[in-house]
Amino acid sequence: MVKSMTGYGRGEAVSDSHRITVEAKSVNHRFLEIVVRMPKQLLPLEEKIKGLVQEKVTRGRVDIFISLEENGEKKRLVKVDKGLGLAYYNALRELADDWGIPEKFDLVQMASLPGLLSLENEEDDLEAVWSVISEALICAMDDLIGMRASEGEKLAKDLLKRRETIAAYVDAIAERSPLVVSEYQEKLSQRIQELLGEVQIDESRLANEIAFFADRASITEELVRLNSHLEQMGHILSHDDAVGRKLDFLGQEMNREINTIGSKANDLAIGRLVVEVKSELEKVREQVQNLE
């Protein structure tokens, strides 16, 4: 199923020690860009998070928001800066020697010196946290992909409808094309007759001129390629993979063919049809920018 690049998803997972909430939001982007916002202590898991997202989507800017709540009280650890303690001890001994004061070191007093002791929370077991994050993230991404698929289905229907409209215009151009040469021949003959009066027209030279015009104004090859592109467009839209770039390229090719038809046909009626086709192709191009 064709997917849009726009979507939103939310997931939540709970363990004995954590509650993880993940929100995933995606918008249009030429390539795949993943931005993760989460608590500082989870930063070592960023590459794993991005890897999981890459398994789910191929294009778009995806913003991942992760919040973490602790369940219950967390253990607190007392950390001792032994190097700083030794520096304090040596400095105090030096002062005692310099000032002639008897050495007397009280452990409680030493412990009150700045920076010697500190309280820290017990570090999270990242592997355990990852199992909770991955569960919430998968849920959020599945939710997001479901929204992208739903939006993509609507876009595909619109594109198929525009494809039919363009095909109808192309058929009208093909139907009109043979008349261009015959009308040119008739107008040229009348013009020559008006200029020459009763003088006999050189039929061979007239035939050469008509043949030259017919060759110059022929749009048969462009019509064949344009119809081939339209058929391919329908085929691509029936696929269940990332089609945005393919359709973008195909739209450029169709635009090139219709521009050539407009410049070669030399006919007012075909010119109007070309304008209609270009208008529809522009709408197709805008819609394709939303597809994965």
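In which helix does Leu 92 lie? Leu 92 belongs to helix α2, which covers residues 82-99, where helices are DSSP runs of H or I with at least four residues and strands are runs of E with at least two, numbered from the N terminus. The model is a predicted one, in which local features need pLDDT of at least 70 and side-chain atom pairs count only at pLDDT 80 or more, while totals for chains, interfaces and linings use all residues. Residues are numbered from 1 along each chain as its sequence is written, and side-chain values use heavy atoms, with hydrogens and water left out.

Leu 92 is partly exposed because its relative accessible area is 32%, a value between the limits for buried (under 20%) and exposed (over 50%), with a 1.4 Å probe and protein chains only. Apart from neighbours within four places in sequence, Leu 92 is in contact with Phe 105 and Met 110, contact meaning heavy atoms within 4.5 Å. The C-alpha atoms of Leu 92 and Phe 105 are separated by 8.7 Å, although the two residues stand 13 residues apart along the chain.

Further along, helix α6 (residues 220-237) and helix α7 (residues 244-265) have axes that come within 10 Å and cross at roughly 160°, the axes being lines fitted to C-alpha atoms over the stretch in contact and the angles running from 0 to 180 degrees between N-to-C directions. Helix α6 is therefore roughly antiparallel to α7, a term for angles over 145 degrees.

In the chain as a whole there are eight helices and six strands, and 33% of its 292 residues count as buried.

Terms used: Angles under 35 degrees count as roughly parallel, over 145 as roughly antiparallel, 65 to 115 as roughly perpendicular and the rest as oblique.
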